[in-house]
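I opened this entry to record what I looked up in the model, starting with the fold and ending with the charged pairs.

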Amino acid sequence: MTRSQVHSQAIFEDVKAVVVVTLDLEDLADGLEPETGLHGNLPELDSLTVVKLIVALQKRFGIEIEIEIDEIVGDIFDTLGRLAAFVESKVRWEPLRGAKY
């Protein structure tokens with residue numbers, strides 16, 4: 001696995017963990033994959049939990065997500081993989097000193 005792939009996988013796993021905790025999906029956590037549908041497939045994901053999820057992702061990753069602007073569109077929440085890719089695009093990754101991937 002390349003360094004970039006390791007980074008992407010780590011972000012995916014962190015996004016997945018935030019989704020699981022925020023939506024209270026602990027019983028489904030093991031089955032969540034990048035292609036797992038979110039919006040329209042999980043009854044737990046309504047407009048209120050979308051806001052909670054955005055806030056949780058901002059806190060976890062130290063990113064800024066503009067809710068008011070066109071940055072948040074439905075397709076970001078189509079699948080877990082799309083959400084993770086969106087978060088990855090917002091993260092400015094700096095490797096830890098001495099970290100080996």
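**Fold.** I counted 3 helices and 0 strands in the protein; helices (H or I, at least four residues) and strands (E, at least two) are DSSP runs, numbered from the N terminus. Along the sequence the pattern reads α-α-α.

**Ground rules.** I am working from a predicted model, in which local features need pLDDT of at least 70 and side-chain atom pairs count only at pLDDT 80 or more, while totals for chains, interfaces and linings use all residues. Residues are numbered from 1 along each chain as its sequence is written, and side-chain values use heavy atoms, with hydrogens and water left out.

**Burial.** I found that 34% of the 101 residues count as buried. Buried means under 20% relative accessible area, exposed over 50%, and partly exposed in between (1.4 Å probe, protein chains only).

**Helix H2.** I noted that H2 covers residues 47-61 and that its 15 residues reach 21 Å from first C-alpha to last, close to the 21 Å expected at 1.5 Å a residue. That expected span is 1.5 Å times one less than the number of residues. At the start of H2, a side-chain oxygen of Asp-46 comes to within 3.2 Å of the backbone nitrogen of Leu-48. Just after the helix, Gly-62 has a positive phi of about 65°. Which helices do the buried residues of H2 pack against? They pack against H1 (3-23) and H3 (80-90); among these buried residues are Leu-53, Leu-57 and Phe-61.

**Core.** I looked up the largest nonpolar core, which has 28 residues; Val-15, Leu-83 and Val-87 touch the most other members. Such a core is a set of buried Ala, Val, Leu, Ile, Met, Phe, Trp, Tyr and Cys residues joined through side-chain atoms within 4.5 Å. H1 gives the largest share of this core, 7 residues. Leaving out residues up to four places away in sequence, Leu-83 touches residues including Val-15, Leu-53 and Leu-57 (contact means heavy atoms within 4.5 Å).

**Salt bridges.** I searched the whole structure and got 3 salt bridges, each a side-chain nitrogen of Lys or Arg within 4 Å of a carboxyl oxygen of Asp or Glu. Asp-14 and Arg-60 form one of them, at 2.3 Å, N to O. Asp-14 lies in H1 and Arg-60 in H2, so this pair ties together parts 46 residues apart in sequence. Arg-82 pairs with Asp-75 at 3.8 Å and with Asp-78 at 3.2 Å. Shared partners join Asp-75, Asp-78 and Arg-82 into one network.

Terms used
A polar contact is a pair of N or O atoms within 3.5 Å; within protein, one must be able to donate a hydrogen and the other to accept it, and residues adjacent in sequence count only if both atoms are side-chain atoms.
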